[in-house]
Amino acid sequence: MSYVQSNPGNLLSRALATWLLLIVAFILVSTSTANPGDPLGATLHSDGSTTFRVWAPFVDDVAVRINGGTPVPLAQEQGHPDAADTTWTGTVAGTKAGDKYRYAIGLGGVTREFNDPRAQRLDGFDRDEFEPNSSNQKLDQVQSVIVDPAFDMPSFNEPTFNRMVIYELHIGTFNNTFAGAVQKLDYLQGLGVNAVEVLPITQNPLFPDHNPHDHDWGYDPVQLFAVKSKYGTPQEFKEFVKQCHQRQIAVIVDVVYNHLIGNNLLQGFGGFTKPEILNGVFIYGGNRADTGFGPRPDFGRPQVRQYINDNALLLLRNYSVDGLRFDDTTDIRTAAGQTNNEGRQLLREINLSYRDTDPKQPGKITIAEDLHSDGNVTERSDPVGLDFNSQWDEEIFFSLRSAVTRINDPDRDIGSVKRALDKPANDVFTRVVYTENHDKVGHPKDEAFGIRQKRLPSLIDTGNPESVFAKKRSTLAAAIMLTTPGIPMLFQGQEMLETRDFEFETRAPVDFDRVTKFPGIVQMYRDLIALRRNIAGKSNGLTGQHINVFHQDDGNKTLAYHRWENGGAGDDVVVVANFSDAPQPNLNIGFPRGGQWHVRFNGGASVYDPSFINGDSFDTTANPGGRDGLNFNANVGVGPYAVVILSQ
């Protein structure tokens, strides 16, 4: 924001200035009230006019300054008897997409300029200038930009949750920009994933200690609506979504509603503050103000909840994204160590609004990063439930990482893997499972088992993360994750045995040369994803609700489980895992049905890597005879640190 002190001048000068301002306003403003259908923010119309609507309570006057011109006064909108709900509006003729604007807001004889909290595009974040003696970027030259809302977005049918395979990616390191990411979508389509989860795309400031200064994971928003200019324009993001849809890939966007960066554009908006709300109307005061990551929005104000809710609906409806992943919902539903019912209300409102208000969109997905295994997060009953479709789940992550990173086979706790697989749920797809995600491969403060978390191959073999042990045990974990009840998720580069950290402060772009360096590993992920999605019609059980972990042998470190939906040929799936370096050429285990069982996947096959040896497997026949609590049994072959998948 910038500050301009009002000068009274003499009476004649003031009267003349007021008269000229009214003339300009009469010429530029076609109506003092907005169309009831116009949302808050700047709405460009086909006739070249733009309607501006802004929530700015407890101020004296509001005007909009376009392209540095004379401020055009806005009028108080009728229908807001509560002063805390005061909204200002006006429609200005002769505007176009790309015009820059700011609001000039007067209070107590002082006029300050502010950017639009709902601007979808901001200009000026490429200025590499910082405040004196501070790491904060100077934001006094930042301008809001009018955007063209028109875009031809074809219809798209989202994948069902039970057949969804997510690929988490960061635009800036995946391939620099939205347009760059589009160039890699054919690769993702060929890999077989049918959803991408994009790390936050909101505008963040520059950081002098980041290399380059504009590199950021995305969790430092200056406001919620603006697309990061480094990645491209709102139209270019819509084109990215469109291109994903044309390849039958859904788009899930990571949203940050729990905090803002300290150097944000909402702090002190309008100039009104009080001792109990030192940061203005958008930000909590008191002991709820700070999350530890930045200031917390004031979820107690209906207008702030609506601001956040409208952002979610803008993404789901105007940008046509297919889902939202909510960052750190714990800091929304709690504050200062206590339950925050205002935050819980916000989460319920968002989840209910996109499903229950027109146009209803029940096929879209919302995912919580809550990390407390709290069933209430996905519960649908008010007031306890938060109504999410799914949530990130840490149990599979920790159990698998612990099992495959141990140096000695006897130390591998396959019992913990069994417990994580068996985790009870009314709907198994209310959890998202993974062995890598952006936090677990790069966050400087993310530790487990007493060590900082990294790429899994780098933890398995710290001296040589491309060794046969790193390849085998990391893909063993991935194979179990991709056959686990839940929605599986990969992190960018995982499928090509990426070993570098996903750097927090330094940009480390995906090295796509690894696709040709490790073609067999990529093919393994491709085969697993195809089975998980039941592309060939032979593994429907992996899309089902049911699991029975029927075999656990702590002596030879083998585990086997049955996945199914309805049962029968093409549905029943048996997964056999070997967590040891000793091959099991004739492991006798139970089977749920008699008859011929076919190997659909063998993770120990040398086709995936020439260093994979002693990994032979074979089709087998299950004969009557009880074993592992089942009525049939058969021998299977499973190589060292490998998974074999069979079905009828």
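Lys-472 lies over the face of Phe-612, at 5.0 Å from the ring centre, and Lys-238 is placed likewise over Tyr-319. A charge counts as sitting over a ring if NZ of Lys or CZ of Arg is within 6 Å of the ring centre and within 35 degrees of the ring normal.

| Charged residue | Ring | Distance from ring centre |
|---|---|---|
| Lys-472 | Phe-612 | 5.0 Å |
| Lys-238 | Tyr-319 | 5.2 Å |

The model is predicted, so local features need pLDDT of at least 70 and side-chain atom pairs count only at pLDDT 80 or more, whereas totals for chains, interfaces and linings use all residues. Residues are numbered from 1 along each chain as its sequence is written, and side-chain values use heavy atoms, with hydrogens and water left out.

Aromatic rings form a further group of contacts. Rings of Phe, Tyr and Trp (its six-membered ring) pair if their centres lie within 6.5 Å; planes under 30 degrees apart are stacked, over 60 edge-to-face, and the rest tilted. The count by this rule is 29 aromatic pairs. Trp-217 and Phe-504 are edge-to-face because their planes stand at 80°, with the ring centres 4.8 Å apart. This pair links distant parts of the chain, 287 residues apart: Trp-217 is in the loop between strand E14 (195-198) and helix H5 (234-246), and Phe-504 in the loop between strand E24 (487-491) and helix H13 (514-517). Helices (H or I, at least four residues) and strands (E, at least two) are DSSP runs, numbered from the N terminus.

Trp-217 is buried, with a relative accessible area of 2%, while Phe-504 is partly exposed at 28%. Buried means under 20% relative accessible area, exposed over 50%, and partly exposed in between (1.4 Å probe, protein chains only). Phe-237 and Phe-240 form a stacked pair, 6.2 Å centre to centre with 20° between the planes. Both residues lie in helix H5, three residues apart, about one turn of the helix, and both are buried. Ring pairs also join Trp-55, Phe-114, Phe-225, Phe-269, Phe-282 and Tyr-307 into a cluster.

A cavity is a set of points, on a 1 Å grid over the protein atoms alone, where a 1.4 Å probe fits but cannot get out; lining residues have an atom within 4 Å of a point. The structure holds four cavities of 30 Å³ or more. The lining of the largest cavity consists of 16 residues, and Ile-201, Thr-202, Leu-224, Asn-311 and Leu-315 lie nearest its centre. Strand E15 (250-255) and helix H6 (302-318) each supply at least two residues of this lining.

Definitions and conventions: On a 1 Å grid over the protein atoms alone, a cavity is a set of points where a 1.4 Å probe fits but cannot get out, and a pocket is an open set with protein on both sides within 12 Å along at least five of seven lines; lining residues have an atom within 4 Å of a point. Grid points are joined across faces, edges and corners, and a volume is the space filled by probe spheres set on the points.
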